[in-house]
Every structure is written in structure tokens, then in C-alpha cells.
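Subject: Structure handover and notes

Hello,

Here is the structure to look over, with the sequence. My notes on what was found in it follow below.

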Amino acid sequence: MAKELKDLKKKKNCTFCSDKIDELDFKDVSKIKRYLSEAGKILPRRITGTCAKHQRILSNAVKKAREAGLLGYVFEN
């Protein structure tokens, strides 16, 4: 039973760390959109698998892109 619980809590690897990315450009909208929900909200770390450092960088890039008008604050259907 302990093994079954371990399989459920599989740790996700940070894609930014594996690609050795230190900076994320807010103008790269296609990369940023992968970390947004259908409603336009920033997805949490437990879902995306990013580390804390890169999650902060990602959230700042999303906020800058929204201010620049590259991303909307809310996605509507």
C-alpha cells in the first residue's frame, strides 16, 4: 500500500531547470500560455511542476505580458 501512495505522488520535474533557463521573456507568449488555465489564470506549481524560483519568474512574466497587452486578463469563450 505504501508503494501505491508513492506512485500517486510522483514528483514533476521543472522544465525550466531541465532546459537550464534562467530568464523568461514576457514577449514569448506561446511559452507562457502553456502555464495558464483556460480561464487565463496562472496554474499552481503542483500542477505545472515548476520549482519555486521559476514559478516566481513565470508569474512576473505573465503579469508583464498582461500589462503590455500581449495576454488578456481573462480568456472568454
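Is Cys51 buried, partly exposed or exposed? Cys51 has a relative accessible area of 21%, so it counts as partly exposed. Please keep in mind throughout that this is a predicted model.

Cysteines

The structure holds zero disulfides. For Cys51, the closest cysteine sulfur is that of Cys17, at 3.6 Å, which is too far for a bond. Cys14 also has its closest cysteine sulfur in Cys17, at 3.7 Å, and this again is too far for a bond. A disulfide here would need the two sulfur atoms within 2.5 Å. Cys14 is buried, with a relative accessible area of 9%.

Overall layout

The protein chain has five helices and zero strands. Read from the N terminus, its elements run α-α-α-α-α. Of the 77 residues in the chain, 29% are buried. The accessible surface of the chain is about 6,200 Å², and carbon and sulfur atoms account for 52% of that. Among contacts with a separation of 6 or more, 58% are between residues 24 or more positions apart.

The core

The largest nonpolar core has 13 residues. Those that touch the most other members are Phe16, Leu24, Ile32, Leu58, Val62 and Leu71. Helix H3 (29-33) and helix H5 (52-68) each supply at least two residues of this core, and H5 gives the largest share, four residues. In soluble globular proteins, nonpolar side chains tend to be buried together. Leu58 is in contact with Phe16, Leu24 and Tyr35, leaving aside its neighbours within four places in sequence.

Helix H5

The length of H5 is as it should be: at 1.5 Å a residue its 17 residues should span 24 Å, and its end C-alpha atoms are 24 Å apart. Which residues of H5 are buried? They are His54, Gln55, Leu58, Ser59, Ala61, Val62, Ala65 and Arg66. Seen down the helix axis, these buried residues fall within an arc of 160°, so they line one face of H5. An α-helix has 3.6 residues a turn, so residues three or four places apart point the same way. The buried residues of H5 pack against H2, H3 and helix H4 (45-48). Arg56, Lys64 and Glu67 are exposed on the other side of H5. Just after the helix, Gly69 takes a positive phi of about 85°.

Gln55, a polar residue of this helix, deserves a separate entry. Its relative accessible area is 12%, so Gln55 is buried. Not counting residues up to four places away in sequence, Gln55 touches Ile42, Leu43, Pro44, Arg45, Thr48 and Thr50.

Thr15 in helix H2

Thr15 lies in helix H2, which covers residues 15-18. With 29% relative accessibility, Thr15 counts as partly exposed. Beyond residues up to four places away in sequence, Thr15 touches Arg34 and Tyr35. Thr15 and Thr50 are 35 residues apart along the chain, yet their C-alpha atoms are separated by 6.6 Å.

Two loop lysines

Where is Lys41? Lys41 is in the loop between H3 and H4. Its relative accessible area is 60%, so Lys41 is exposed. Even so, Lys41 touches Tyr35, Leu36 and Arg66, not counting residues up to four places away in sequence.

Lys20 is in the loop between H2 and H3. Lys20 counts as exposed, at 73% relative accessibility. The phi of Lys20 is near 55°, a positive value in a residue other than glycine. Most residues other than glycine have a negative phi, and most peptide bonds are trans.

Regards

Notes:
Residues are numbered from 1 along each chain as its sequence is written. This is a predicted model: local features need pLDDT of at least 70, side-chain atom pairs count only at pLDDT 80 or more; totals for chains, interfaces and linings use all residues. Side-chain values use heavy atoms; hydrogens and water are left out. A nonpolar core is a set of buried Ala, Val, Leu, Ile, Met, Phe, Trp, Tyr and Cys residues joined through side-chain atoms within 4.5 Å. Buried means under 20% relative accessible area, exposed over 50%, partly exposed in between (1.4 Å probe, protein chains only). Contact means heavy atoms within 4.5 Å. The expected span of a helix is 1.5 Å times one less than its number of residues. The arc is that of the directions from the helix axis to the C-beta atoms. Accessible areas come from the Shrake-Rupley method with a 1.4 Å probe; for residues, only the protein chains shown count as cover.
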